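Here is the note you asked for, written to be read alongside the sequence and the structure.

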Amino acid sequence: MLNFDEWLTNYTSSGFLLVTVFALCYLRAKINNEGPFEPADWRWGAALFGMLLLMRYPFIAYNHELDIDESQMLVQAMSLKKFWIYWKYVDGLTQGPLTSYLLIVPSWLGMPFDYTAARLLGFVVLCLTLTATFLTFRNLFKGPVAVVIFAPVAFFYLLSQGAFSSLYNEYLVLFLLAVCFWVFSLLYRQSQPDVRTLFLLGFVSGMVPFAKLQGVPIALVIVIFAGLMLLQRSPQKVRALMSLSAGGLLVPFVILCFTVRHGALDYFWNFYLIGNMEYSSGGSMGQKALNYPTFLRQSGQFLYLFISYVCLITCSFWLLIRSGIVLKSINQLFWLGLFQIITAFYVIIKSGYLFPHYQQFMIIPLGIFSGVILEAALPTITWNSSKIRLGSMAWMLTCLLPHIMNKLATVTGHASLQRVQISRAELGKPLSVSPVSKRILDFTLPGDNITIWGWHPAYHLETKLPQGTADVIPFRLLTPGPQQKGYQEKYLNDLKINRPAVFIDLITSQSFWFNDPALYAHERIGEIDRFVAQNYLLVSVINGERIFVRKDRLQMSQQ
C-alpha cells in the first residue's frame, strides 16, 4: 500500500467499497441464472475496466517515479527515438527491445516521455492482458469455473496499491504470454489444430524473448504442449509442425538480420543472451527455492491472490480425494497447469532478486491448474440454490477480504506504509525538475547526450536529454561477474564515441543500491577515471552528486 492524503484516502476507500458492491451485483446476477456467455458479460467487462481505470487514476495522474524501473524504461525509449539501434546504443539489461520500443508510441501521439504517459500505456496493456487471461479461462473451462478462477486476478489488479501500480518492466512479456495462453486455448477447443492458429502461436511465442528472456521457459512449455496436441489430433502433422515452427522463427530471424546489419550481434549475444543467463544475486537454486516463503511475504498484495488459489486448490483436492476420483481429474490441462507452475516458480526465483512483480508469471499457471481441479471437483457436490449462494459468498470473501483488511489497516495507521506519499495537489502536474537537472541544463543544448554514473535515470527525463552510453545505469559495470570487464570496455567505448556533454557521478551514501563512494565512484575504474579527468571538469556538487562538464562545452558556455 502507498500513503495518500485525506482526499485520496477517501477516494481509494470509496473505490474499495465500489468494487465490493460491483462484486455483489455480479454475484447476484449470476446466481439469478444470467448465462456466462450472454451479451451482458461484455457490459460487466466494460464495467470492470471502468473501475480499474478509476482505481488506477491516482497512480496514472501522479507524474513522479514510483519505481526506478519506470525511469529506466522511459529513458531507454527516449534514447531509442534518437538512436534506434538496440543493444548497440541502448541496452536494457534484462529487458528486451520490444518493451522499450513500445514506450515510444505515446510520443507519436504528442505525449511527453513521462510517468503519466507510460502508465497510461501500461493500463491499456494491462486491460488487454486481463482480457486474454479471461478468454483463456473461458475457452478451457466451463463458464462458472472460468469466473471463479478469474476472480482472484480481478480483485488483485483492481485493489493493488503498491509495487503492482507502477510500470514494471514485465508488462509487455506478461501480455505476450497471456496471448500465447489464449491462442493455445483456441487450439485446445479445435478437434484438428488449425495451421493459421499454430502459426499465430509460434509468432507470438517468438516475440517473447525480445520482450524479456525471463518469459521464454513459460512460452516454451506452451509451444511444447501445443506440439504434443497437434501430434495427437492433426491429420497433417508435418504441415502443422512447419506452420508452428515458421511462426516461432519469424521474429527471431528478422531481429537477427537487424542486429547483423547494424553491427549489434556481438552485444546481443554476449550482453543480452549470456548476460541474462549469468544474471543472479548468487546462491544455489536450492537456497533460492527455500527463500521463496520470504519472497512471497515481501510481495505485497500478491500474497492474497496466492492464498486464494491455494485455498481453492486445497478444497478441490479434498473433494476429489473424498470422492475417490483424483486420478480421473488428470488430463492434458492438468499437466500443463502443473508444469507451468513449476516453470513459473523457476522463472521467479532464478535471479535470486526479490522483485515483487516477478510473481505475476505465476498467475495464469495457478488459474489453469486450479481450474482443472475445480472443474473435476464440482460434480461431486449436489448443488442447490442455497449451496450456490453460500459457496459464492465464501469464495468472494476469500478473494476480497484480505485486500479490504489491508486497506483498513493502512487507513487507520496499523500497517506500515511505503515511503512514497501521494497528495491530490500533485496529480496532473507536469514532471518536476530537480536542482541537479537544472544545473545540468545550464551546460547542455537540445540534442546533447548526458551520462549518469549511478542509479537515477530520472535526470534524463527531467532534462529531456538521452543517454550517452548504452547502459543507462552502471549495474553490470559495478557488479562482479564473468563479463564485467567487457561491460566496462563497452561503456568506455560509448563515452569516446558519443562524448556526452555532461557526466554526473551521483554515488553518495544516500544513493540507490550503489551507495558507497569508496567502492562505486567512477574513479574506482582506472580507464573511465582517466577519460573523465582528461575530458571533463567538475563544475558543481549538489548533495554530494558531482556534475562534470566536457571541457570544450564549458569553454563555449563561458564565451
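This is a predicted model: local features need pLDDT of at least 70, side-chain atom pairs count only at pLDDT 80 or more; totals for chains, interfaces and linings use all residues.

1. Four strands form an open sheet in the order E3-E4-E6-E5, and their pairing is mixed. At its edges stand strand E3 (450-453) and E5, each of which has a single partner strand, so that one side of each is left without a neighbour in the sheet. Ignoring direction, neighbouring strands of this sheet are turned by 20° against each other on average.

2. Strand E4 (residues 502-505) and E6 run antiparallel and are joined by four bridges. As background, strands of a sheet pair through backbone hydrogen bonds, either parallel or antiparallel.

3. The other partner of E6 is strand E5 (residues 536-542), and these two strands pair in the antiparallel sense over six bridges. Within this pairing, Leu 538 has Phe 548 in E6 as its bridge partner. The hairpin of E5 and E6 has two residues between the strands, and in this hairpin Asn 543 takes a positive phi near 55°.

4. How many of the six residues of strand E6 (residues 545-550) are buried? Five of them are, so the strand is largely enclosed by the rest of the structure.

5. Helix H24 (residues 526-535), for its part, lies across E3, E4, E5 and E6, and runs at about 95° to E5.

6. Turning to helix pairs, helix H1 (residues 6-31) and helix H7 (residues 143-159) pack with their axes 11 Å apart and at an angle of about 165°. That angle makes H1 roughly antiparallel to H7, because angles over 145 degrees are counted in that way. The crossing in which H1 passes H7 is right-handed. On the H1 side the contact is made by Phe 16, Val 19, Ala 23 and Tyr 26, and on the H7 side by Val 147, Phe 155, Leu 158 and Leu 159. The residues of this contact divide into eight nonpolar, no polar and no charged.

7. A second pair is formed by H9 and helix H10 (residues 216-233), whose axes come within 10 Å and cross at roughly 165°. In H9, Leu 198, Leu 201 and Ser 205 meet Ala 219, Ile 222, Val 223, Ala 226 and Leu 230 in H10. Here the residues of the contact divide into seven nonpolar, one polar and no charged.

8. Thr 197 also belongs to helix H9 (residues 195-207). Is Thr 197 buried or exposed? With a relative accessible area of 12%, Thr 197 is buried. Not counting residues up to four places away in sequence, Thr 197 touches Val 183, Leu 186, Leu 187 and Gln 190.

9. Arg 119, which lies in helix H6 (residues 115-140), is a charged residue by side-chain class, and yet Arg 119 is buried, with a relative accessible area of 4%. Leaving aside neighbours within four places in sequence, Arg 119 is in contact with Phe 59, Ile 60, Tyr 62, His 64, Glu 65, Leu 66, Glu 70 and Ser 165.

10. Ile 274, placed in helix H12 (residues 265-278), is partly exposed, with a relative accessible area of 25%. Residues up to four places away in sequence being left out, Ile 274 touches Trp 269 and Gln 483. Along the chain Ile 274 and Leu 478 are 204 residues apart, and their C-alpha atoms are separated by 17 Å.

Technical notes. Residues are numbered from 1 along each chain as its sequence is written. Side-chain values use heavy atoms; hydrogens and water are left out. Axes are lines fitted to C-alpha atoms, for helices over the stretch in contact, and angles run from 0 to 180 degrees between N-to-C directions. Angles under 35 degrees count as roughly parallel, over 145 as roughly antiparallel, 65 to 115 as roughly perpendicular and the rest as oblique. A crossing is left-handed if the near helix is turned anticlockwise from the far one by less than a right angle, and right-handed if clockwise. Contact means heavy atoms within 4.5 Å. Buried means under 20% relative accessible area, exposed over 50%, partly exposed in between (1.4 Å probe, protein chains only). Two strands pair if DSSP finds at least two bridges between them.
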